[in-house]
Amino acid sequence: MLAKGFLIRTDRGIRTAMNFQGETVHFDATNPAARAYVWDKAKRNYYDKGIRVFWLDEAEPEYNAYDFDNYRYYRGSNLSIGNIYPLEYTRAFYEGMTQAGQTNVVNLLRCAWAGSQRYGALVWSGDIASSWESFRCQLAAGLNMGLAGIPWWTTDIGGFHGGDPRDEAFRELFVRWFQWGTFCPVMRLHGDREPREPQHGTTGGATCRSGAPNEVWSYGEEVYQICVKYLQIREQLRDYTRGLMKEAHERGSPVIRPLFYEFPDDSHAWSVEDQYMYGEKYLCAPILYLGQKKRSVYLPAGKWIFYADGSIIPTESTPSVSYDGPATVEVDCPIESMPVFIRQEEEVLRSR
């Protein structure tokens, strides 16, 4: 690859981009020949053996060895065209997969740029901290990503860096993040938990030790039952979510939407930053602070139903409350539930 000019270059100094398992240099995704070369390797070693979805990590690249302006690509300097790198990265796989006859391409990508959605990019927000502050940032990131035209978006539920499943404080963060993840475009659990597993061996990637268990049953029985409840809610949303994805494909509509997207004439809706709509029907009010057991929720005009246990499909034993908006209401939010308000069907039809 070096001889063929398939690697990113530096204008000065040593050709290195980052120090990870040694001196690392990324392939030049802006070079069509480099894209074809990398895809050929992936095709022969993975695609031809049945793999149909790829996890395209380290898609920025995250330069940390030298100055940002030192890197140069086939199509120009990093300063002038560097932001297109993730688009060209996912393009390499999209074009290879479609040329192989695949029509439903979707790949998980750590970074994106304007237009990445046309190459089947499912973007996640990267290796974020396992903290409440980071959690709050994800809500803003997801809403802005959708408005930027990239509807398929997700996070590492619970954050990536740190977090011990045995720690009660982290369990609370995990539960609140999991509840919110149920009402994200893609619900996905991932993270590098503590304590790390022992190192095995000394060669290759041996120093990249695995994290602690991170399955839904790794957090104790109480957390597990809450996760089961929200996995079932996600399953109940399957047909509705498919409809949102179809709408995103045909109209470019985001899956998760700031209130003003659905209620543009409501001046207050433009200033609400800690709530959102999952499509046009569900108003979601995630719990974003440690120990929070109540929260205020703004309801735009219309009729709304609220189930105290967080349900979206009621049973005979599910207590419900009906609200008329516009109004600000205060609701309980015990650890078992996240407030979700259901916009009544006649209101949805009227808005169309």
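K303 and D324 are joined through their side chains in a salt bridge, with 3.1 Å from N to O. This pair connects distant parts of the chain, since K303 belongs to strand 13 (residues 294-307) and D324 to strand 14 (residues 320-332), 21 residues apart. The model is a predicted one, and the structure contains 27 salt bridges, some of which are described below.

**A bridge between a loop and a helix**
- The side chains of R75 and E88 form a salt bridge in which N and O are 2.5 Å apart.
- Because R75 sits in the loop between strand 5 (71-73) and strand 6 (76-77), while E88 is part of helix 3 (residues 85-99), this pair ties together parts that are 13 residues apart in sequence.
- R75 is partly exposed, at 48% relative accessibility, whereas E88 is buried, with a relative accessible area of 1%.

**The bridge between D164 and R166**
- D164 and R166 also form a salt bridge, and their closest N and O atoms are 2.8 Å apart.
- R166 reaches 59% relative accessibility, which means that this residue counts as exposed, the cut-off being over 50%.

Note on methods: Residues are numbered from 1 along each chain as its sequence is written. This is a predicted model: local features need pLDDT of at least 70, side-chain atom pairs count only at pLDDT 80 or more; totals for chains, interfaces and linings use all residues. Side-chain values use heavy atoms; hydrogens and water are left out. A salt bridge is a side-chain nitrogen of Lys or Arg within 4 Å of a carboxyl oxygen of Asp or Glu. Helices (H or I, at least four residues) and strands (E, at least two) are DSSP runs, numbered from the N terminus. Buried means under 20% relative accessible area, exposed over 50%, partly exposed in between (1.4 Å probe, protein chains only).
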